[in-house]
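Please keep the structure in view while reading.

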Amino acid sequence: MPGAATRVNAADELSRWVDRFLETRVSQGLAESTLGSDRRTLDLLAAWLRWRGLVLRDLTPRRALAFVGHLRTRWIRKGWGGPRRRPSEATVQANLRPLRSWTRFLVAHDVLLVEPFGAVRQRTPRRVCGRGVFTVDEVHRLFVHLNGNAPLILRDRAALAVLYGAGLRASELLALDVSDVASDERAVQVRHAKGGKSRWVPLGRRAIRDLMTYLEQG
């Protein structure tokens with residue numbers, strides 16, 4: 001049956017390009033937990049394409065938007081026997097990171113003509129400090145005092161922006177390395193999170209701007 005053979009070849013192609021991409025990530029020294037998370041996200045996209053009878057070259061910006069809509073509306077379960085719930089926007093944005101990296105990889109290897117997830121606008125979750133910590137006005141006053149272009153001022157402003165904008169612990173901030181910053185994806189990788197786990201955290205415009213200013217000028 002030619003149609004069945006075509007579908008099998010298309011499925012093999014999807015799996016092959018996922019594997020090739022993740023092999024490059026291994027060579028970059030990413031944590032196993034991050035690689036596992038990336039594979040789950042890419043496998044989810046592959047299953048979504050197969051269910052619709054689509055192949056890699058059918059992944060257009062319009063279909064990428066449809067898949068992100070699927071990510072936002074699907075039900076997920078946290079832990080065995082836990083309640084089903086919709087994913088948070090932070091979870092959706094974390095899923096977008098490997099999708100964008102993978103499809104850029106496909107464009108670089110002439111599998112796709114354009115990066116389809118470039119059409120997906122990033123929604124940065126609104127974060128507010130907890131009670132008894134800082135109010136928005138107090139944080140604003142801290143930023144006002146960190147004026148100037150001296151290296152230490154740039155460093156402190158970047159640190160405050162990342163702490164406040166990404167909700168990191170002080171220990172997580174101190175453990176960040178330059179290689180953990182993905183400026184094009186507006187995110188940082190926290191390799192030494194609580195419990196020894198690794199995670200990617202999206203950054204807002206203010207945080208990524210102050211962070212890149214420090215890295216480039218400080």
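In this predicted model, Arg57 and Glu13 form a salt bridge, with their closest N and O atoms 2.8 Å apart. The pair links distant parts of the chain, since Arg57 lies in the loop between α2 (32–51) and α3 (61–73), Glu13 lies in helix α1 (residues 2–27), and the two are 44 residues apart. A search of the whole structure finds ten salt bridges. Side chains of opposite charge can pair when their charged atoms come close.

**Accessibility of the Arg57–Glu13 pair**

- Arg57 has a relative accessible area of 52%, so Arg57 is classed as exposed, the cut-off being over 50%.
- Glu13 has a relative accessibility of 12% and therefore counts as buried, a class that means under 20%.

- The side chains of Asp38 and Arg97 meet in a salt bridge, at 2.5 Å from N to O.
- This pair also links distant parts of the chain: Asp38 belongs to helix α2, Arg97 belongs to helix α4 (residues 89–108), and 59 residues separate them.
- Both Asp38 and Arg97 are buried.
- A network of salt bridges links Arg25, Asp38 and Arg97.

**The Arg199–Glu172 salt bridge**

- Arg199 forms a salt bridge with Glu172, and the closest N and O atoms of the pair are 3.1 Å apart.
- Distant parts of the chain are linked here as well, with Arg199 in strand β5 (residues 199–202) and Glu172 in helix α7 (residues 170–174), 27 residues apart.
- Arg199 counts as partly exposed because its relative accessibility is 30%, which lies between the cut-offs of 20% and 50%.
- Glu172 counts as buried because its relative accessibility is 2%.

**The contact between α2 and α3**

- The axes of α2 and α3 come within 11 Å and cross at roughly 115°.
- This angle makes α2 roughly perpendicular to α3, because that class covers angles from 65 to 115 degrees.
- The crossing in which α2 passes α3 is right-handed.
- On the α2 side, the contact is made by Leu44, Leu45 and Trp48. On the α3 side, Arg63, Ala66, Phe67, His70 and Leu71 make the contact.
- The residues of this contact divide into six nonpolar, one polar and one charged.

Notes:
Residues are numbered from 1 along each chain as its sequence is written. This is a predicted model: local features need pLDDT of at least 70, side-chain atom pairs count only at pLDDT 80 or more; totals for chains, interfaces and linings use all residues. Side-chain values use heavy atoms; hydrogens and water are left out. A salt bridge is a side-chain nitrogen of Lys or Arg within 4 Å of a carboxyl oxygen of Asp or Glu. Helices (H or I, at least four residues) and strands (E, at least two) are DSSP runs, numbered from the N terminus. Buried means under 20% relative accessible area, exposed over 50%, partly exposed in between (1.4 Å probe, protein chains only). Axes are lines fitted to C-alpha atoms, for helices over the stretch in contact, and angles run from 0 to 180 degrees between N-to-C directions. Angles under 35 degrees count as roughly parallel, over 145 as roughly antiparallel, 65 to 115 as roughly perpendicular and the rest as oblique. A crossing is left-handed if the near helix is turned anticlockwise from the far one by less than a right angle, and right-handed if clockwise. Contact means heavy atoms within 4.5 Å. Ala, Val, Leu, Ile, Met, Phe, Trp, Tyr, Cys and Pro count as nonpolar, Asp, Glu, Lys and Arg as charged, and the others, Gly among them, as polar.
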